[in-house]
Amino acid sequence: MGQLFKKRANAIAKLVIFGGVGLVATVSVALYALARSDFWTEVDVPIEQPVPFSHQHHVGGLGIDCRYCHTSVEQSPFAGVPPTETCMTCHSQVWKDAPVLQPVRDSLQTGKPIKWTRVHDLPDYVYFDHSIHVNKGIGCESCHGRVDRMPLTAKAQPLYMRWCLDCHRQPQNFLRPTNEVVDMDYKAPVNQRAFGQELIAKNHVHTAGLTDCYTCHR
Amino acid sequence: MNAQLEEPVVAPGYDNASVTKKITDVVLTRPVHRGWLAGLAVAFALLMMMNFAIGWLLLKGVGIWGVNVPVAWGFAITNFVWWIGIGHAGTFISAILLLLHQDWRTSINRFAEAMTLFAVACAGLFPLLHLGRPWVFYWLLPYPDTMGMWPQWRSALVWDVFAVGTYLTVSIIFWYVGLLPDVATMRDRAASKRVQMIYGILALGWRGSARHWKRFHIVYLLLAGLATPLVLSVHSVVSMDFAIAIVPGWHSTIFPPYFVAGAIFSGFAMVLTLAIPIRKFYHLEDFITIRHLENCAKIMLATGLMVAHGYITEGFMAWYSDDKFEIYLTLNRMFGPYAPAYWLLIFCNVGVNQLLWFKKIRTNPAVLFVIALFIQVGMWTERYVIVITSLHRDFLPSAWGIFHGTRWDWMTLIGSLGLFASLFFLFLRLLPAISISEMRDLVHKKSESAR
């Protein structure tokens, strides 16, 4: 029997072996990177809105408190999206004829709320409550980033479960005094870990249950 | 020695050439046999039925199976334990009997290993489908996920993933390494260039040089050593799925050895179920002799007695523990709503098995075939009884319930037989079902010792 394979079959065999290992490794690394990329998580990617609302202008420029519009953040799971009337407290006086605000005026006239697009949309199987986080000393900025520097609003965090757990496992790294919660420019002290431990005790953070499945999946 | 008194492990009068021809002819003969085609068609039809049942399951969810509280495990876990148990005989034959220098393993190890692989494939399906969301099965693996979660090591499900995954990996490698010299033989004997190329690629450049053989024997022996503990560990882990629970009838230290014995018991029954028709239809009686069948029967008798001992111990421990839940469970098994299943398993595994004490029966292929079928039914029923009776009435009478498999349960179970049979039919037709190289070795040794 003659030779079944030509000499180049050796090279092909090696290519298949090493190429196969390389392919699996490359695809794994690529998937790992993709899942964490802004392209996939849409971090820092502004979402289109009916009115190009600028947090930078309202929070950073004018210094309006978060709670002026997001009124229920301290009492309820939902921070609250302001009704058109809240916009009109100012915009009935200033920029009252600006074309960009036409949808706001239409909304007031017809009584139909503006359809804002959610930027932070958690899956339905996640139970999340704003009030408990705010009242125990998690700053708005810790999750939502520097909204005072966002001309158009975008996610600042991927909202992955790993990211939730980073804090739920070690809340002392992120807690701040409750009166500093809405501060966009808060600087954590150098002894944050020890300070955080004090805040855990002071604010009665029940760390034992923070990573139970049913804390967030009810 | 009394070698003359025993049936031979290979009929006399064979040499290297005739052994090779006889085994490779099963694969290389054209055209395909009508009986083979008919068998594959039936098996494939059953496989399609399972695919249909699985499709409906994925659409509707596990609710279409009869499972609900209190019986949440049902057929899926019964089938899983049954199939994974069947696989064990293959590894037992190929690894443990190799290390013990049992030359009668030679002509049955190849197809027994194939049986292991296909049984594990069937077994693996059931826990995956039982997950409810099988498409996220990879959550069971430790990988750098975005959830910050690690598999729950206190969960028996995760142990199963590792036990079965290890078992499948080692079994595939062991089987394939053993195949190398044989696919090289197939390559050399194939008529057409295309077939030669296919077997040539599979043979990974095997030339049969002395260096190849030396390395081959080292690797094969090492793999046998690696596979040996798996015979005991895999089904022990499966048994711990039950034993870690506090449910009456499960929470018992006897489970690992009792399950391993049951696994080898049902596995050898499957070996006989496959060997007896194969030797008949392909006229391999000279290679798979009465001696093989008798030895398998003896192992079945021994492991069957161990299993029977397990049943007795379970009853004794229930009485000895003086635990009213254990006592109730035992009585409920024997006389409760599932009593017919319990007595069926006792009849098959303890009653029918006793026939194997008689040499006349052990050497009669037709009777052995029927007994093997009884034992497989018995072993499936045993797992059914373990899963169902413990769950359906545990500590809280207000949560008692009755479970019956739905038509989807039965379609999936019977369909998995179709999957197994389809794979096995293809294996018979595509690869040498008996190890050619080891048979040549055996023939050589026998003629040496006869001289």
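Biologist: How do α3(B) and α7(B) run relative to each other, roughly parallel or roughly antiparallel?
Modeller: Bear in mind that this is a predicted model. The axes of α3 (residues 74-99) and α7 (residues 210-243) of chain B lie 8 Å apart, and the angle between them is about 155 degrees. Angles over 145 count as roughly antiparallel. So the answer for α3(B) and α7(B) is roughly antiparallel.

Biologist: Which residues of α7(B) make that contact?
Modeller: On the α3(B) side you'll find, among them, B:Val81, B:Ile84, B:Gly85 and B:His88. By the way, α3(B) passes α7(B) in a left-handed crossing. The α7(B) side of the contact is B:Ala224, B:Ala227, B:Thr228, B:Leu230, B:Val231, B:Val234, B:His235 and B:Val238.

Biologist: How far apart are the centres of domain 1 and domain 2 of chain A?
Modeller: Domain 1 of chain A is 8-36, while domain 2 is 71-79 + 120-216. Taking the centres over C-alpha atoms, the separation is 41 Å.

Biologist: What share of the residues is buried in chain A, and what share in chain B?
Modeller: A residue counts as buried if 20 or more other C-beta atoms lie within 10 Å of its own. For the 451 residues of chain B, the buried share is 44%. For the 218 residues of chain A, it is 13%.

Biologist: Which element gives the most to the side of chain A that touches chain B?
Modeller: Ten residues from chain A and eight residues from chain B take part in the contact. On the chain A side, the elements giving two or more residues are α1 (8-36) and α9 (161-169). The one that gives the most, with four residues, is α9(A).

Biologist: Is A:Leu159 partly exposed or buried?
Modeller: A:Leu159 sits in the loop between α8 (140-144) and α9 of chain A, and has a positive phi of about 60 degrees although it is not a glycine. Most residues other than glycine have a negative phi. A:Leu159 has 19 C-beta neighbours inside 10 Å, so it counts as partly exposed.

Biologist: Then what about B:Asp322, buried or exposed?
Modeller: B:Asp322 is in the loop between α9 (290-321) and α10 (324-335) of chain B, with a positive phi near 60 degrees. Because B:Asp322 has 8 other C-beta atoms within 10 Å, it is exposed.

Biologist: Last one: is the peptide bond from B:Val69 to B:Pro70 cis or trans?
Modeller: B:Pro70 belongs to the loop between α2 (34-60) and α3 of chain B. Most peptide bonds are trans. From B:Val69 to B:Pro70, though, omega is near 5 degrees, and the bond is cis.

Definitions and conventions:
Residues numbered from 1 in each chain as written. Chains lettered and ligands numbered in written order. Predicted model: local features only at pLDDT ≥ 70, side-chain atom pairs only at ≥ 80, totals over all residues. Domains from an automatic or database assignment. Buried ≥ 20, exposed ≤ 12 C-beta atoms within 10 Å, placed from the backbone. Axes fitted to C-alpha atoms, helices over the stretch in contact; angles between N-to-C directions. Parallel < 35°, antiparallel > 145°, perpendicular 65-115°, else oblique. Left-handed = near helix turned anticlockwise from the far one by under 90°. Contact = placed C-beta atoms within 7 Å.
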